[in-house]
Amino acid sequence: MIPLDTRPLFRGERQALLELLDSLDAADWQQPTVCPGWNVADIAAHILNDYLRRISGSRDGHTGAVFADDETLPSYLARVNEEFVRAMRQGSPRVLTDLLAHLGPQLDSVWATTVDLTEPARLNVSWAGLGTSPAWLDIAREYTEFWVHQQQIRDAVSRPGADDAALLGPVLVTFLHALPWALREQARPEGTTVRFEISGPAGGHWSAVSDGARWELTTAQVDEPAAVVRMDQDTFWRLASRGITVEEARARADLRGDPELTEAATTLLAVVV
C-alpha cells in the first residue's frame, strides 16, 4: 500500500466548498445532481451528515447506528442517508452552509488526534479489501468522499474548480488502493504487473504486482507489464466513484495487454455500494 496523509487537505477542500455554496443563487440550490433524486441542497445536507456522523462516532464514541433486520451495511447507509437528506430539506441553504462551516474545524480536530497513521482505523475501508485498514486510508477515504461530493455540486451548477493537482492528486492515489481488490480473482504468477497510467497534472504511473496469490499497489515501474490501462484524471475519478459507467470509462481509455487483467482493472470501485 502507498500511505499518504490527507489531514492537511480538509481545510482547503472545505474552504473551496464554502466559497462555492456562498456563490449559489436559489435556482442553483435546486439543480439536480448525478445522485438520483438529490439536488445541490441535498448533496450539501449529505456532506453535513457525514460531518455529524464522523464527529459523533470518532470524537464522542457515540454508537447510534440501528440496523433493521437483515440489513446490510450498504442498505443501512442508503436508508439513513436518504432519511437525513429528507429531514434537512426543512433547512435553508444558509443554515446548511453555516453548519458546515461550524462543524468542519471540529472534524479537523478529530483527524489531528490520530498520531499514528498506521494504527488500525476506526472504520475499515471495505472497497480496499482489507480485513483491517490503517488509519490513514480511513481518513483519506473521507477526504475523497467530500471532494467527490463537491465535484458533483460543481457539475450540477457548471462551476468547475477545486481540481488542482494538490487537491485531486491524493484522491487519485486513494482510489487506486481499490485496484488490488478489483484484480483479486485474477490469479497470475509472482511478478505479474498491471500498470495504471493516469494523464493530467494530478496523474502519474502506479502498478499492481502479483505475489502469486494477491496483488499489491506500488509506485515501482516494470519494463514489461502484463497489462496497461491509460486514462485521463477526470475519467479515472469518475470511474472509481461511479460518476460514469465502466463501459464509458473503457471507451475513454487505452487498454493494452492481457484483456482479462484490463477488464478486471477497469471495474475498480472506491465507494460502498
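**Helix packing and positive-phi residues: close-up views**

Helix H6 is largely enclosed by the rest of the structure, because 21 of its 23 residues are buried (under 20% relative accessible area, with exposed meaning over 50% and partly exposed in between; 1.4 Å probe, protein chains only). The model is predicted, so local features need pLDDT of at least 70 and side-chain atom pairs count only at pLDDT 80 or more, whereas totals for chains, interfaces and linings use all residues. Residues are numbered from 1 along each chain as its sequence is written, and side-chain values use heavy atoms, with hydrogens and water left out.

**View 1. Helix H6 and the residue that follows.** From its first C-alpha to its last, H6 reaches 34 Å, close to the 33 Å expected at 1.5 Å a residue (1.5 Å times one less than the number of residues). Helices are DSSP runs of H or I with at least four residues, numbered from the N terminus. Just after H6, Ser 158 takes a positive phi of about 55°.

**View 2. Packing of H3 against H6.** The axes of H3 and H6 (residues 135-157) come within 9 Å and cross at roughly 165°; axes are lines fitted to C-alpha atoms over the stretch in contact, and angles run from 0 to 180 degrees between N-to-C directions. H3 is therefore roughly antiparallel to H6 (angles over 145 degrees). The crossing is left-handed, meaning that the near helix is turned anticlockwise from the far one by less than a right angle, whereas clockwise is right-handed. Contact (heavy atoms within 4.5 Å) involves residues including Ile 43, Ile 47 and Tyr 51 of H3 and Phe 146, His 149 and Ile 153 of H6. By class, this contact has nine nonpolar, three polar and five charged residues; Ala, Val, Leu, Ile, Met, Phe, Trp, Tyr, Cys and Pro count as nonpolar, Asp, Glu, Lys and Arg as charged, and the others, Gly among them, as polar.

**View 3. Packing of H3 against H4.** H3 (residues 40-59) and H4 (residues 73-87) pack at an angle of about 115°, with their axes 9 Å apart. Their crossing is right-handed. Among the contacting residues are Leu 48 and Leu 52 of H3 and Leu 77, Val 80 and Phe 84 of H4.

**View 4. Positive phi in two loops.** Ala 162, in the loop between H6 and H7 (165-176), has a phi near 55° and counts as buried at 13% relative accessibility. Arg 242, in the loop between H9 (233-240) and H10 (246-252), has a positive phi of about 60° although it is not a glycine. Arg 242 is partly exposed, at 30% relative accessible area.

Terms used:
Parallel < 35°, antiparallel > 145°, perpendicular 65-115°, else oblique.
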